[in-house]
Amino acid sequence: MRLMQPEPAAALLGLRAMKTVASASGGPGKAQLALMDAARRVILRIDADIGTLQPITPAELAAGFPSVDLRHQFVQGLLVLALADGVPSRETVGRVEAFAEALGIATPELANQRRLAEHHTTLFKLDLLRRSQVGDILKNQLDQHGVLALAKSVLGMRGLIEDRELAGRYRAWEKMPAGTLGRSMWEYFQSNRFGMPGERFGFPEAGLYHDFCHVLGGYGTDPAGELQVASFTAGFKQTRPFYLILFAVLIFSAGFNARPTAEGYTTVGVLGEPGAAERMFAAIERGALVNTDLSDKWDYWPYVEMPIDEARRRLNIVHAA
């Protein structure tokens, strides 16, 4: 997933459309304003005063947006914008839909955002989970480790059982030399009090790439860090990468628990924190440089004994700007 820069004329039309969407239920929220300003500087790269921008019609936008790829990227941006300050209103979603229709873009994410705005949360969540990285993780767990391992991982994730033999393989990372990727992963699990695979409340092995991305990318586990790691992963993910960003924005900026379980905290407006939107864009670009899709059955075992900087070099994980 790469971020494309439109021509200046199209960029200005897009920024006007963003403000039109953000103003659907009154005025733009704090996070929406921060997101628009970050997009203006980092992606659109135009000099414009958002406060004085005039509304735009869907037809006007479509006339100045010829590229199909840019149209897809822009509609995804509108979906994120609509969620930046909380669950969107029907009016906000209606404007996103109108722009998407004029641009000729129809995606499941649009239909799902309508369900969310109309409080059909069960249908929304079921469809989101099956299309998101959660569905990919469960499928990969089944493909890589079989039906029994899938069942045990789900029960373990819910804290109902422990697989001591499996957990022992990961606990052994404690004995690796300091500075290796494996030892760094063990320290990450200990410092955050997370369960390792096989332990109670541990994540399935097929989903461990998420924690590797935290460690390899140097991202925190606070809401802003989770948004960055989702964006970083979206940069290299080959299938449905936008769902990673959507998932994180739902939880940490819209305040909606998109997880498959009821546990887990949510926050509202993380994209309004200083620099959060810029760091999200930077993480996407950084992830796009990675030479391996770590989310697609990546074999991390050959890497865990390497010094962490060597693992980063081999995967082309560049230093964060």
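This is a predicted model: local features need pLDDT of at least 70, side-chain atom pairs count only at pLDDT 80 or more; totals for chains, interfaces and linings use all residues.

Q: Noted. Which residues line the second largest cavity?
A: The lining is made of L79, L83, E109, N112, Q113, L116, F124, L128, L246 and L250. Two or more residues each come from α4, α6 (108-117), α7 (121-131) and α13.

Q: And which element gives the largest share of that lining?
A: That would be α6, which supplies 4 residues to the second largest cavity.

Q: How do the residues of that lining divide into nonpolar, polar and charged?
A: For the second largest cavity there are 7 nonpolar residues, 2 polar and 1 charged.

Q: OK, zooming out: how many cavities of 30 Å³ or more are there?
A: The count is 2.

Q: Then how much space lies in the largest cavity?
A: About 360 Å³. Its lining has 25 residues, and those closest to the centre are I43, Q73, Q76, G77 and F281.

Q: Which elements supply at least two residues each to the lining of the largest cavity?
A: Those are α1, α2, α4 (68-83), α13 (242-252) and α14 (276-288). Of the elements, α4 gives the most, with 7 residues.

Q: What about charge there: how does the lining of the largest cavity divide?
A: It has 21 nonpolar residues and 4 polar ones, with no charged residues.

Q: Nice. Changing topic to my serine: where is S25 found?
A: S25 sits in the loop between α1 (8-22) and α2 (30-44).

Q: Why does S25 count as partly exposed?
A: Because its relative accessible area is 47%, and partly exposed covers the range between under 20% (buried) and over 50% (exposed).

Q: Which residues does S25 touch, leaving out those up to four places away in sequence?
A: S25 touches S89, E91 and T92.

Q: What joins the side chains of S25 and S89?
A: A polar contact of 2.4 Å. The C-alpha atoms of S25 and S89 are separated by 7.1 Å, and the two residues are 64 residues apart along the chain.

Q: And what joins the side chains of S25 and T92?
A: There is a polar contact there too, at 3.4 Å. So S25 has side-chain polar contacts with S89 and T92, each within the 3.5 Å cut-off.

Notes. Residues are numbered from 1 along each chain as its sequence is written. Side-chain values use heavy atoms; hydrogens and water are left out. Buried means under 20% relative accessible area, exposed over 50%, partly exposed in between (1.4 Å probe, protein chains only). Contact means heavy atoms within 4.5 Å. A polar contact is a pair of N or O atoms within 3.5 Å; within protein, one must be able to donate a hydrogen and the other to accept it, and residues adjacent in sequence count only if both atoms are side-chain atoms. On a 1 Å grid over the protein atoms alone, a cavity is a set of points where a 1.4 Å probe fits but cannot get out, and a pocket is an open set with protein on both sides within 12 Å along at least five of seven lines; lining residues have an atom within 4 Å of a point. Grid points are joined across faces, edges and corners, and a volume is the space filled by probe spheres set on the points. Ala, Val, Leu, Ile, Met, Phe, Trp, Tyr, Cys and Pro count as nonpolar, Asp, Glu, Lys and Arg as charged, and the others, Gly among them, as polar.
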